[in-house]
Amino acid sequence: MSARTAPPRVLTIAGSDSGGGAGIQADLKTMLALGTHGMSVLTAITAQNSVGVQGVWDLPSEAVVAQFRAVVDDIGVDAVKTGMLSSPALVETVAGLLRPLAEAGVPIVVDPVAVSKHGDALLAPEAVETVRTRLIPLATVLTPNLDEAAALTGQKYAEEADLRPAAEAVHALGPAWVLVKGGHLPGDAVDLLYDGHTEHRFRAPRLDNRHTHGTGCTLASAIAAGLASGQDPVAAVGAAKTYVTEALARGFALGAGIGPVDHAW
Ligand code: PLP
């Protein structure tokens, strides 16, 4: 029997969630569920569960570089997703590694993770400027929620009518596409995808489920899996929105706090 053809290769550069709900763990589950081969460069380790983040340990830049080189120089990547980058030094390191890939046309999905749903910081405040100037211009698709869009642009965004101005302001920072997520607003969960010319709105009914841990990581990884599989950004975001809506509908209670979205169905 001959070996089967390898699936598309997707790399996540992100933090570990020991509780298995978000971060690298959510990324790899999403990549598997969507028929791709997931690989990981760990940036930080969190001690984390359903009630919060109890500790964060950043990995040294040289460990990030070594993981990246190991994967890229042998296996190769069809798309990259970045998540928790923690410190200015790690953002700088990752941006330096990604620039040649971006120049070679490898799609890069940047999830500008700043704060967890529990309110724990996952990015040092002094790293926001590095994210803005070094990482975001490399993004094929940038996936801020409305709060992250506000933090990146210094504006105030609080309602659905703000999605378009937020998308325009964030797009000016240099990503090819920006997906501004309005999921925590009242009413339908509406996200707006924008490339500087055309907007696409993705709408899903609000689900009555508090077990939402890992939604952002799952969405960004699903977009990366779609891009790695040859979808264009509009198709990849549409499919990813459908996937995360289903994963959220199946989110389940675990521990005493906010449980994870589900990837196994
Ligand atoms: N922990 C890690 C390591 C993450 O990367 C993220 C999000 O990207 C989170 C926690 C936060 O997940 P959530 O906001 O869905 O709780």
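**Figure 1. Helices H5 and H6 in contact.** In this predicted model, the axes of helix H5 (residues 146–153) and helix H6 (residues 163–171) come within 10 Å and cross at roughly 45 degrees. The two helices are therefore oblique to each other. The crossing of H5 past H6 is left-handed. On the H5 side, the residues that meet H6 are Leu-146, Ala-149, Leu-152 and Thr-153. Their partners in H6 are Ala-166, Ala-169 and Val-170. Sorted by class, this contact contains six nonpolar residues, one polar residue and no charged residues.

Figure 2. Helix H1 covers residues 23–33, and ten of its eleven residues are buried, so the helix is largely enclosed by the rest of the structure. A residue counts as buried if 20 or more other C-beta atoms lie within 10 Å of its own. The buried residues are Gly-23, Ile-24, Gln-25, Ala-26, Asp-27, Leu-28, Lys-29, Thr-30, Met-31 and Ala-33. They pack against strands E1 and E2, strand E4 (79–82) and helix H7. After H1 comes Gly-35, which has a positive phi, near 75 degrees.

**Figure 3. The shell around the ligand.** The ligand has 18 residues around it, and those that come nearest are Gly-15, Ala-22, Gly-23, Met-84 and Lys-117. By class, the shell is made up of six nonpolar, ten polar and two charged residues.

**Figure 4. His-118 and its contacts.** His-118 is located in the loop that runs between strand E5 (108–110) and helix H4 (128–135). This residue has 14 C-beta neighbours inside 10 Å and therefore counts as partly exposed. If neighbours within four places in sequence are left aside, His-118 is in contact with Gly-52 and Val-53. The view also includes His-213, which is 95 residues from His-118 along the chain. The C-alpha atoms of these two histidines are separated by 9.5 Å.

Technical notes
Residues are numbered from 1 along each chain as its sequence is written. This is a predicted model: local features need pLDDT of at least 70, side-chain atom pairs count only at pLDDT 80 or more; totals for chains, interfaces and linings use all residues. Axes are lines fitted to C-alpha atoms, for helices over the stretch in contact, and angles run from 0 to 180 degrees between N-to-C directions. Helices (H or I, at least four residues) and strands (E, at least two) are DSSP runs, numbered from the N terminus. Angles under 35 degrees count as roughly parallel, over 145 as roughly antiparallel, 65 to 115 as roughly perpendicular and the rest as oblique. A crossing is left-handed if the near helix is turned anticlockwise from the far one by less than a right angle, and right-handed if clockwise. Two residues are in contact if their C-beta atoms, placed from the backbone, lie within 7 Å. Ala, Val, Leu, Ile, Met, Phe, Trp, Tyr, Cys and Pro count as nonpolar, Asp, Glu, Lys and Arg as charged, and the others, Gly among them, as polar. A residue is near a molecule or strand if its C-beta atom, placed from the backbone, lies within 6 Å of it. A residue is buried if 20 or more other C-beta atoms lie within 10 Å of its own, exposed if 12 or fewer, and partly exposed in between; C-beta atoms are placed from the backbone.
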